[in-house]
Structures are given as C-alpha cells and as structure tokens.
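Dear colleague,

Please find below the structure that I am handing over to you, together with its sequence. My findings follow directly after it.

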Amino acid sequence: MTEAEATLPPPPEPGAVAEIRPGLRWARMPLPFPPGHVNLWLLADGAGWLAVDAGARTDESVGLWTRILEEGLEGRPVTRLLATHFHPDHVGFAGWLCERTGAALLMPRAEYLMARFLCLDTDEGMSAQQLDFAAALGAPEDYLAFLAARGPLYARAVMPLPRQYRRIAQDDRIAIGGQEWRVMTGGGHAPEMAALHCAELGVLIAADQILPRISPYVGVGATEPEADPLRDFLDSNARLRALPAETLVLPSHGEPFLGLHERIDVLAAHHAERLGTLEAACATPLTAYEASGVLFPRVKEHRPRGFALGETLAHLNRLVAEGRVVRSGDEVPRYSRK
C-alpha cells in the first residue's frame with residue numbers, strides 16, 4: 001500500500017458517506033448478488049451534489065438513500081444524477097432518486113436506450129429469445145427449464161427511468177463544483193459506459209471499466225450473439241493508459257486504488273491467459289456450454305451459469321475473430337482449434 005492509499009478512508013457503512021477529497025464523497029450500497037456491494041460517488045456541485053450511480057433496486061435502498069440525503073450531504077440536495085451504464089446495480093434505483101430529489105439524469109445514449117428498452121422487453125418473445133440463445137450454446141434441458149421459469153429479470157430489477165435525460169458522450173466536459181471532468185466512454189462491459197476523469201484532482205471515476213481485484217464481466221448476450229466485447233474492453237482499457245500512472249482510481253466495486261497502468265496490464269494478461277486456455281481446450285471441438293466448464297469449472301449452479309456462458313462466448317468470439325478457432329455447425333455450433 002502506498003502512502004497516498006494509506007490516507008484513504010475505509011469503506012463507509014451502508015447509508016453513510018466517507019470523504020475521499022474535499023467535495024468528493026463515497027457511499028456504498030449492498031447488493032443481493034456478487035460482489036455484494038456497489039460504490040456510489042457524490043461530488044459537491046454548487047448548491048447541491050452530483051451523484052454518480054444510484055445503486056440497485058432493493059428493499060433496503062429507500063432507507064439507505066434517505067439517510068444519505070438527510071445526514072450525509074450537509075442539507076444540500078442531489079441536483080444531478082450521472083448513471084454510468086444500464087446495469088441494475090448502477091441504474092436500478094435511479095428512477096426513485098430522480099423522482100425524490102428532482103435531479104436531472106445524465107447518461108450515455110446507448111446506456112439510456114438500453115435501460116429503457118429492457119424495462120419494456122417483458123413479453124413472451126423475450127423469454128423465447130433467451131431460450132433459443134441458450135439452446136444454441138448447447139445448454140441442457142434442466143438449464144433451459146430454469147431460464148423459462150425465471151422469466152425477464154431486468155424489468156423487475158430496475159425502477160422506471162425518467163422519460164427525459166441529458167446525453168453525455170466521449171470527451172464531453174462537465175463542470176462540477178468549479179472543476180472540469182471529462183467523460184471517457186468504454187465498451188466491453190457495457191456498450192457505452194461512462195467514466196469521469198478530473199485532471200486537476202488526478203481522479204478517475206472508473207465505473208466497472210477498471211476494478212482493483214476482479215476482472216469486470218465481459219460477456220455476449222442474446223441480442224448480439226456474434227459480438228466481440230472482449231476486443232472493445234481491451235481497446236477501452238488501452239485508451240486509459242493515456243492518463244497519468246498516479247491517477248487515483250475510484251471503481252464501482254472494491255476500494256479506491258493507485259496503479260492504473262499496472263492494473264491495465266494485469267487485466268490484459270488475465271484475458272490473454274484465458275484465451276490461451278480456451279484455445280488449447282478446443283483441440284477437441286466444444287460447444288459454448290462445454291467450453292464454459294473449461295473457463296469456469298467451479299460454476300455448478302444454474303444462477304451464475306448465464307454469466308459463465310456470456311463470458312465464455314466473448315472469449316470464443318475473440319478467438320474466432322483472431323483466426324485461432326473455427327466455429328462450425330448451425331443449430332449448436334462447435335468451436336475447434338485451427
């Protein structure tokens with residue numbers, strides 16, 4: 001741990017806030033699924049505060065946010081909410097917070113439209129698409145039955161968003177509390193996830209792009225089964241290398257840390273190793289479901305299987321794009337090493 005990291009506060013208890021820098025506060029909300037928490041950031045903004053992300057829609061959220069608003073912000077309101085991306089642990093409670101405070105919602109366009117679309121995508125066609133997608137990966141009948149019974153998750157996990165928002169995009173400059181923050185969008189984990197960098201403070205609010213101890217989820221879904229999000233993720237991380245090495249990174253999960261460039265290297269090496277492992281395993285042709293057992297041998301239950309499948313397919317699609325693996329077959333493709 002560096003001297004600078006030693007001066008950082010410990011993670012705040014749910015409903016409390018901790019000060020990272022003057023005018024920059026840290027809140028942490030519990031999640032009912034791994035990794036068990038999500039970090040929220042609050043930036044002093046004139047007569048109010050700009051909040052970065054809102055947390056998940058849970059039974060605890062109302063009480064925890066009410067405590068933050070009443071006790072953690074010096075009596076000043078949240079006037080703007082910047083949601084980094086569409087995932088439920090970031091935008092699930094945004095609708096409540098905007099309605100409660102009147103805060104304007106800022107989001108990248110792709111993230112806002114994805115959230116709005118998924119909140120409305122609840123008919124039988126959506127479930128049928130998920131089942132067809134899983135079947136084409138070679139999933140067995142018991143897993144397909146689990147998916148059919150589960151139904152659409154997103155609409156249950158996210159409160160309706162405001163019908164109006166302000167678009168943010170790559171290289172936008174946002175004035176917050178007299179300081180300039182630059183929007184840096186990244187792909188892979190989400191289509192257009194927003195990070196915020198303040199050169200004056202030397203701080204990067206990184207969302208899920210760079211995490212200190214785990215690799216962010218990078219997966220393929222039913223809507224775009226031949227996508228290559230791993231390329232997008234690695235390219236996005238490479239662009240972050242232009243920031244100073246001593247940048248303080250504020251991630252959405254885990255603790256703030258220094259060592260941005262080293263962490264980029266670790267994540268690149270991790271995925272290179274995963275690609276190599278999967279390529280070697282494809283010496284015997286594998287379905288995507290079978291391949292998920294190679295990358296995630298400890299996943300035995302149905303609930304986390306979807307993440308394992310999505311991430312495995314992302315690596316398979318990258319191997320196909322690089323010409324290291326061939327995909328063959330129509331109904332249930334198999335992947336084999338060249």
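How are α10 and α11 oriented to each other: oblique, roughly parallel or roughly perpendicular? Please bear in mind throughout that this is a predicted model. Helix α10 covers residues 260–281 and helix α11 covers residues 288–295; the two pack at an angle of about 130°, and their axes are 10 Å apart. An angle over 145 degrees would count as roughly antiparallel and one of 65 to 115 degrees as roughly perpendicular; α10 and α11 are therefore oblique to each other. The crossing in which α10 passes α11 is right-handed. On the side of α10, the contact is formed by Arg274, Thr277, Leu278 and Ala281, and on the side of α11 by Ala291, Val294 and Leu295. By class, the residues of this contact comprise five nonpolar, one polar and one charged.

Helix α10 also packs with α12. The axes of these two helices come within 10 Å and cross at roughly 80°, and α10 and α12 are therefore roughly perpendicular to each other. From α10, the residues His271, Arg274, Leu275, Leu278 and Glu279 meet Glu311, Thr312, His315, Leu316, Arg318 and Leu319 of α12. Four nonpolar, three polar and four charged residues make up the contact of α10 with α12. Arg274 and Leu278 of α10 are listed in the contact with α11 and again in the contact with α12.

A further helix pair is α2 (residues 61–71) and α4 (residues 94–101), which pack at an angle of about 40° with axes 12 Å apart. That angle makes α2 oblique to α4. Their crossing is right-handed. The residues in contact are Val62, Trp65, Thr66, Leu69 and Glu70 from α2, and Trp96, Leu97, Arg100 and Thr101 from α4. This contact of α2 with α4 divides into five nonpolar, two polar and two charged residues.

I next turn to the second largest pocket, whose volume is about 180 Å³. Its lining consists of Phe133, Ala136, Leu137, Pro225, Glu226, Leu313, Asn317, Arg327, Asp330, Glu331, Pro333 and Tyr335. The elements that contribute two or more residues to this lining are α6 (124–136) and α12 (305–321). Seven of the lining residues are nonpolar, one is polar and four are charged.

Most residues other than glycine have a negative phi, and most peptide bonds are trans. Against that background, a cis peptide bond joins Pro34 and Pro35, with omega about 10°. Pro35 lies in the loop between β2 (24–30) and β3 (37–45). Asp171, although not a glycine, has a positive phi of about 75°. The location of Asp171 is the loop between β7 (166–168) and β8 (173–176).

With kind regards

Definitions and conventions. Residues are numbered from 1 along each chain as its sequence is written. This is a predicted model: local features need pLDDT of at least 70, side-chain atom pairs count only at pLDDT 80 or more; totals for chains, interfaces and linings use all residues. Side-chain values use heavy atoms; hydrogens and water are left out. On a 1 Å grid over the protein atoms alone, a cavity is a set of points where a 1.4 Å probe fits but cannot get out, and a pocket is an open set with protein on both sides within 12 Å along at least five of seven lines; lining residues have an atom within 4 Å of a point. Grid points are joined across faces, edges and corners, and a volume is the space filled by probe spheres set on the points. Helices (H or I, at least four residues) and strands (E, at least two) are DSSP runs, numbered from the N terminus. Ala, Val, Leu, Ile, Met, Phe, Trp, Tyr, Cys and Pro count as nonpolar, Asp, Glu, Lys and Arg as charged, and the others, Gly among them, as polar. Axes are lines fitted to C-alpha atoms, for helices over the stretch in contact, and angles run from 0 to 180 degrees between N-to-C directions. Angles under 35 degrees count as roughly parallel, over 145 as roughly antiparallel, 65 to 115 as roughly perpendicular and the rest as oblique. A crossing is left-handed if the near helix is turned anticlockwise from the far one by less than a right angle, and right-handed if clockwise. Contact means heavy atoms within 4.5 Å.
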